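Subject: Structure for your attention

Dear colleague,

I am handing over the structure below, and my notes on it follow. Please read them with the structure open beside you.

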Amino acid sequence: MEIKIQSIHFDTTEKLQAFITKKAEKLEKSYEDIQKVEVQLKVEKPATALNKTTSLSVVVPGNTLFVEKTCDTFEEGVDQCLDAMKVQLTKFKEKQRSR
């Protein structure tokens, strides 16, 4: 599984990248055939609350699942995105089984 982290309008810290990588690797527990995880971090209008947008794309065979959340911190955004993605992966897995 490939994990790609992209930051827009700022540089991510190693700590943040390590946090994202560690969390993203846990997605494999929900679905084994993940090919690629792309995390995009973006700062919207600095100096406002809820200005950090985190989007998460997960590429699985034949499909790409997407989640986007806006929060106060990237860590919170990553957590919320991953929680929502786990739900999507579980539904996707169930659909595959029912075929």
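Phe10 counts as partly exposed because its relative accessibility is 21%, where buried means under 20% relative accessible area, exposed over 50% and partly exposed in between, with a 1.4 Å probe and protein chains only. Please keep in mind that this is a predicted model, in which local features need pLDDT of at least 70 and side-chain atom pairs count only at pLDDT 80 or more, whereas totals for chains, interfaces and linings use all residues. Residues are numbered from 1 along each chain as its sequence is written, and side-chain values use heavy atoms, with hydrogens and water left out.

The structure holds 2 aromatic pairs, a pair being rings of Phe, Tyr and Trp (its six-membered ring) with centres within 6.5 Å, called stacked if the planes are under 30 degrees apart, edge-to-face if over 60 and tilted for the rest. Phe10 and Phe74 form a stacked pair, because their ring centres lie 5.0 Å apart and their planes stand at 10°. Since Phe10 sits in the loop between strand S1 (2-8) and H1 while Phe74 belongs to helix H3, the pair ties together parts that are 64 residues apart in sequence; helices (H or I, at least four residues) and strands (E, at least two) are DSSP runs, numbered from the N terminus. Phe74, with 6% relative accessibility, counts as buried.

Tyr31 and Phe92 make an edge-to-face pair, at 5.5 Å centre to centre and with 70° between the planes. This pair links distant parts of the chain, 61 residues apart, with Tyr31 in the loop between helix H2 (27-30) and strand S2 (36-43) and Phe92 in helix H3. Both Tyr31 and Phe92 are buried.

Lys93 lies in helix H3 (residues 74-97) and counts as buried, at 19% relative accessibility. A polar atom of the Lys93 side chain lies 3.0 Å from the backbone oxygen of Ser30, which can be set against the cut-off for a polar contact (a pair of N or O atoms within 3.5 Å; within protein, one must be able to donate a hydrogen and the other to accept it, and residues adjacent in sequence count only if both atoms are side-chain atoms).

Turning to helix packing, helix H1 (residues 14-25) and H3 pack at an angle of about 10°, with their axes 11 Å apart. That angle makes H1 roughly parallel to H3. On the H1 side Leu16, Phe19, Ile20, Lys23 and Ala24 meet Phe74, Glu75, Val78, Asp79 and Leu82 of H3. The residues of this contact divide into 7 nonpolar, no polar and 3 charged. Axes here are lines fitted to C-alpha atoms, for helices over the stretch in contact, and angles run from 0 to 180 degrees between N-to-C directions; under 35 degrees counts as roughly parallel, over 145 as roughly antiparallel, 65 to 115 as roughly perpendicular and the rest as oblique. Ala, Val, Leu, Ile, Met, Phe, Trp, Tyr, Cys and Pro count as nonpolar, Asp, Glu, Lys and Arg as charged, and the others, Gly among them, as polar.

Lastly, Ser57 is placed in strand S3 (residues 52-60) and is buried, with a relative accessible area of 16%.

Technical notes. Contact = heavy atoms within 4.5 Å.
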